[in-house]
Amino acid sequence: MKLKLAIQKSGRLHDDSIRLLKECGIDISNGVNKLKAEATNFPIEVYFLRDDDIPQYVEDAVADIGFVGENVVYEKRKKVTVVEKLGFGKCRLSMAVRRGEEYTDASFLNGKKIATSYPVIVENFLKEKNVIAEIHEISGSVEIAPGIGLADAICDLVSSGSTLFMNGLKEAETILQSQAVLIRNNGLEDAKTQLLNRLLFRIQSVKKAKNNKYILLNAPNDKLAEIIALLPGMKSPTVLPLADPGWSSVHSVLNENEFWDIIEQLKAAGAQGILVVPIEKMIV
Ligand code: PRT
Ligand code: ZN
């Protein structure tokens, strides 16, 4: 029994999808150019597909699970379940208008033409905002539509914003925050659900490790209590005596978000020789 996973054949999500599998200890290095590849060390079979087709294949159980952008999942409206955010492929789907235009809210779009590759999401957005506008579906190069007079506004994916900028447009309103997610077929049999849970356990361990750093520091013993109080850690920090009798070595785990704040406080409290190292996997 093998779990069938669909990932993007080529494009923005391909490399990160392969990397995540690798970080989960799943090696599919051979055959990436084929339609299908098998992992040697996990019961999984990987299908390489266009991202737009992945929700349909998962709904139809041609694939059991898939890695795909949330934007595609919401646009395609297939009967699949989003199980886990994967932490890559981050972008947002936004309304954009010509730079000189004044967009205060969605009512700006009343009576206007909007070019997009996401007609379903845009239609829902307009309905929610009670706006009547014309949607022009185009499949690529949406950002040139206002410049050639095809539309007054566009709704497209944005990451750095440079594509909008280069086309004389500005981001007016974000409709959806998106990232790659793991989706599953709704009728997965028990044995496959168990395989999925094993994969999920690995993915979650990799994600947790990425958000955390391992920290080692030297502390004078008279400051130890103060320094330990600053460290959250997984349970409590490890404290080891140093050869120098007045000092100890303290080891702990810090979350990326609070990292710099805590480092500053540790230094102020007398910590020295602070080392910060990446964590590869984190099992809690
Ligand atoms: O061939 P296939 O159909 O599989 O690929 P595709 O061409 O449809 O998709 P691809 O590879 O471009 O994108 C795959 C997924 O990556 C998308 O569905 C999103 O979930 C995610 N993603 C993340 C992005 C971006 N960031 C992104 N910036 N997808 C597209 N873009 C485009 C955007 O459309 C615009 O043209 O990049 C441009 C904007 O980028 P900035 O940095 O200039 O703002
Ligand atoms: Zn696509």
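Modeller: Buried area is the accessible area, taken with a 1.4 Å probe, that two parts lose on being put together, summed over both. The model is predicted, so local features need pLDDT of at least 70 and side-chain atom pairs count only at pLDDT 80 or more, whereas totals for chains, interfaces and linings use all residues. Residues are numbered from 1 along each chain as its sequence is written, chains are lettered from A and ligands numbered from 1 in the order in which they are written, and side-chain values use heavy atoms, with hydrogens and water left out.

The domain assignment, whose bounds come from an automatic or database source, gives domain 1 (3–89 + 179–209), domain 2 (91–178) and domain 3 (212–278). Taken over C-alpha atoms, the centres of domain 1 and domain 2 are 30 Å apart. Eight residues from domain 1 and eleven residues from domain 2 take part in the contact, which means heavy atoms within 4.5 Å. Together, domain 1 and domain 2 bury about 790 Å², 50% of it on carbon and sulfur atoms. Between these two domains there are zero salt bridges (a side-chain nitrogen of Lys or Arg within 4 Å of a carboxyl oxygen of Asp or Glu). Six residue pairs, both at pLDDT 80 or more, are in polar contact between domain 1 and domain 2 (a pair of N or O atoms within 3.5 Å; within protein, one must be able to donate a hydrogen and the other to accept it, and residues adjacent in sequence count only if both atoms are side-chain atoms).

Now to the rings. The structure holds two aromatic pairs, where rings of Phe, Tyr and Trp (its six-membered ring) pair if their centres lie within 6.5 Å, and planes under 30 degrees apart count as stacked, over 60 as edge-to-face and the rest as tilted. Y103 and F108 are tilted because their planes lie at 45 degrees, with the ring centres 5.3 Å apart. F259 and W260 are edge-to-face, at 5.0 Å centre to centre and 80 degrees between the planes.

For single residues, buried means under 20% relative accessible area, exposed over 50%, and partly exposed in between (1.4 Å probe, protein chains only). Y103, at 11%, is buried, and F108, at 13%, is buried as well. F259 is buried at 9%, whereas W260 is exposed at 61%.

Finally, a charge sits over a ring if NZ of Lys or CZ of Arg is within 6 Å of the ring centre and within 35 degrees of the ring normal. K112 lies over the face of F108, 3.9 Å from the ring centre, and the charged end of R99 sits over the ring of F165, 4.3 Å from its centre.
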